[in-house]
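User: I am new to this structure. Please show it, and then let us go through it in short questions.

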Amino acid sequence: MVNLILFGPPGSGKGTQSTKIIEKYGLLHLSTGDLLRFEMAAKTPLGQEARKFIDQGLLVPDEVVIGMISSKLDANAEARGFIFDGFPRTTAQAEALDKLLALKKTSISIVLALEVPEDELIRRLLNRGLTSGRSDDADEKVVKARIVEYHSKTAPVADHYARFGKFRTVKGNGTEAEVFDLLCREIDNLLVGEEV
Ligand code: AP5
Ligand code: MG
C-alpha cells in the first residue's frame, strides 16, 4: 500500500495535484477540506459547527477531522492506498493518523510538500474567490488568517515526518504540469520495487 500526504499552505495546489495523482496512480483522495465543505453544504450539525471556524480562516478542532478521516479509512478498507490532502494539519492529527494506519498494518510512505511564495498563494486564493463561492477565499483578511494558522499549527507537522526521513519538498510555483512532473518523479522513486 502507498499512502501519500500532499502537504503545503493554502493555495499551494494540493487539490489540483491530488486530482492528477489519483488518476495516474489509482489512489483514493481524502481531503478534509472537501469533506467539511460537503457537510456545510448539507447543513449537518458537524458542518454548521465547522463553518464557525472555516469562515474565520481557523482550523476546525482536531477531534472533528480525525473522526472524519477514521470513518473514511474504515469505509475504504480495500483501497490500494490513500492520498491525504489538507490532513494532517496539526501534530496531534499526525500522531492520530499514524495510529489509525498502524491499526491497518500500514503507514505513511512519504510527505510531499509544495513550496509556493506567500504573495503567489494570496494571489491564487483571491483570484479563485472571485468565482468559487468559498467563503474563506473571498476576504483577504481570512486568506491571511489561513496562512497564519498554517505557519503556527501546520508547519510543525513537517518535523514529525522529517524525523522518520519521510519529508520531501517540491517547487510548487511552476505550471500545473511542471509541478505534476516533479511530484511524479518523487512518487516513481518511491515505487521502485514496490507494488502500488
Ligand atoms: P482546505 O480545503 O484544505 O483548504 P486549504 O488547504 O486552506 O487551501 P486550498 O484547498 O484552497 O488550497 P490547495 O493547496 O488545495 O490548492 P488548490 O489546488 O485548490 O481547508 C479549508 C478549511 O477547512 C481550513 O481553513 C480549515 O478551516 C478547515 N480544515 C480543512 N482540513 C482541516 C484539518 N485537517 N484540520 C482542521 N481544519 C481543517 O489551488 C488553489 C488555486 O490555485 C486554484 O484556483 C488553482 O486553480 C490554482 N492553482 C493550482 N496550481 C496552480 C499552479 N501551478 N499555477 C497557478 N495556479 C494554480
Ligand atoms: Mg484544497
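User: In which helix do Arg-37 and Asp-34 both lie?
Analyst: This is a predicted model, where local features need pLDDT of at least 70, side-chain atom pairs count only at pLDDT 80 or more, and totals for chains, interfaces and linings use all residues. Residues are numbered from 1 along each chain as its sequence is written, chains are lettered from A and ligands numbered from 1 in the order in which they are written, and side-chain values use heavy atoms, without hydrogens and water. Helices (H or I, at least four residues) and strands (E, at least two) are DSSP runs, numbered from the N terminus. Arg-37 and Asp-34 are three residues apart, about one turn of the helix, and that helix is α2.

User: What is the N to O distance where the side chains of Arg-37 and Asp-34 meet?
Analyst: A salt bridge needs a side-chain nitrogen of Lys or Arg within 4 Å of a carboxyl oxygen of Asp or Glu. By this rule the count comes to 14 salt bridges. In the one between Arg-37 and Asp-34, the N to O distance is 2.9 Å.

User: Which element gives the largest share of the shell around ligand 1?
Analyst: The shell holds 30 residues, where near means a heavy atom within 4 Å. Among the closest are Lys-14, Thr-32 and Arg-128. Elements giving two or more residues are α1 (14–25), α2 (32–41) and α6 (118–132). The largest share, four residues, comes from α2.

User: Which residue has a polar backbone atom 3.0 Å from a nitrogen atom of ligand 1?
Analyst: A polar contact is a pair of N or O atoms within 3.5 Å. An oxygen atom of ligand 1 is 2.9 Å from a polar backbone atom of Gly-15. For the nitrogen atom at 3.0 Å, the residue is Val-60.

User: Is the peptide bond from Phe-87 to Pro-88 cis or trans?
Analyst: Most peptide bonds are trans. Pro-88 lies in the loop between β3 (82–85) and α5 (91–103). With omega near -5°, the bond from Phe-87 to Pro-88 is cis.

User: What is phi of Lys-43 near?
Analyst: Most residues other than glycine have a negative phi. Lys-43 lies in the loop between α2 and α3 (45–54). Its phi is positive, near 55°.

Key
A polar contact is a pair of N or O atoms within 3.5 Å; within protein, one must be able to donate a hydrogen and the other to accept it, and residues adjacent in sequence count only if both atoms are side-chain atoms.
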